[in-house]
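Please have the structure open as I go.

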Amino acid sequence: MAETSSDLNEHNLNVDIPIEIVSDQEMALIEAAFAFASSSSSSSSSLPLRSSPPPSPPLILQNNSFSIKSITIVSKRRLSNGSGSHHPLDIEDCPSKLVTCAHNKKTKVPHSFLHRFRTRRALSVTDLTSTEWCEKQMEFSLQIGKRKVTQAMKAGIARHAKLEQEVITRVEVKIKSREDGWALKFLNFINGVNQLLFEGLTRELPVVGIVEGVWMVGVIDEIRMPLTENDHNPVLIDTKTRSQYKLPSEPQQRNGRLQLMCYKCLWDNSVADDFPSMKFFTFFGLNPQYNLCEDLKIMSADSGFSASTLDDVVRYYSNTCKMLAPAHDQLLLRYEYQKDHSLLGEDKFAYDSVWLKNQICCCLEFWHGEREASYASEDERWKCGFCQFANVCPLYTDDSKNTSNDSNITNA
């Protein structure tokens, strides 16, 4: 049974570890997967692609699907990357506040951020979690520039790369167009699902779909098949790394729940409905009959089907989705200590569709330009002290002046 938003504040983690408020240096903000889709169609680049065994009936793993402490290298699937760089991770370890929109000004913004910054591009789950954390910070990052990647963020990326390498081997595939790029992502999904059904585990699985009328993308950290033979609903898992031996603050834990719920929403939408291929081609400005590069044709053949065009891949992707079950209603967040990868705690919680819808709709008000950006709530203004845009934020500078004035009055 889905829990209410108030229930989300009462989850018990498995160990009794002090809670901390974490600085901006520990908040990973990594651009979402599929960002390359907006690049020039004439460009050529090497991007990841995985090759896995053909689909087979699910095999039950003999280790706990809700714990990764006993993970061994259960399989290797091929994933291309000619340049050696890691493909964009949708880590989205960016914390988030519980948004309430009643206090926000309903002033229509002339040109929406969705139109200005996401034309022919989907919103990422990272976009939503960053918006929920602080809309004003999101506004600044769009207008001024992205936040810097810190050493703590790099450590988190490295950990995700290590986990990915346990089940993925990279090979080189050169793409020449946006059509090739999207075909690559769909092939990675198809092969990742094959691995999930055959091995019981897959990682870094790209997902795409329409949520509340908006195209959205993400990369699911990990998916496992459940242990029981009668349960065929895959379990979604995300691993967060911590630079200190402490659990994150409640706003960050809440953000992790939002992230996983978004992934389940995208997954469930994909497996429940026919993929809206024509809307997809139109929105992203893609040619469905585009002739794919030879590398992708070879990889599709290795995956068990023949594809010459983007439309061929999309059709097979849609058929693959129809074979899948919705994700499990129980979702799992894991927190690891960066130094030795020891487990700090696990947060197992229930999917709440009503809470999720409210969060997404509130964030979309900002992206659609239906109102001005809101600031962090009063009880979470501590976030401002860790924000790189604080020196240009009216709220923070005003609060600083007020604090200074109060101090002068006290001293007088």
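The lining of the largest cavity has, by class, eleven nonpolar, one polar and two charged residues, where Ala, Val, Leu, Ile, Met, Phe, Trp, Tyr, Cys and Pro count as nonpolar, Asp, Glu, Lys and Arg as charged, and the others, Gly among them, as polar. This is a predicted model, in which local features need pLDDT of at least 70 and side-chain atom pairs count only at pLDDT 80 or more, while totals for chains, interfaces and linings use all residues. Residues are numbered from 1 along each chain as its sequence is written, and side-chain values use heavy atoms, with hydrogens and water left out.

The volume of that largest cavity is about 110 Å³. Of the 14 residues lining it, Cys 134, Gln 137, Cys 384, Cys 387 and Cys 393 are the closest to its centre. A cavity here is a set of points, on a 1 Å grid over the protein atoms alone, where a 1.4 Å probe fits but cannot get out, and lining residues have an atom within 4 Å of a point. Helix H3 (residues 135-143) gives the most to this lining, with three residues, a helix being a DSSP run of H or I of at least four residues.

Now to the helices: the axes of H2 (residues 125-133) and H6 (residues 250-272) come within 10 Å and cross at roughly 150 degrees. That makes H2 roughly antiparallel to H6, the term for angles over 145 degrees.

Note on methods. Axes fitted to C-alpha atoms, helices over the stretch in contact; angles between N-to-C directions. Helix = DSSP H or I, 4+ residues; strand = E, 2+ residues; numbered from the N terminus. Parallel < 35°, antiparallel > 145°, perpendicular 65-115°, else oblique. 1 Å grid on protein atoms, 1.4 Å probe; cavity = no way out; pocket = protein on both sides within 12 Å on 5 of 7 lines; lining within 4 Å. Points joined across faces, edges and corners; volume = space filled by probe spheres on them.
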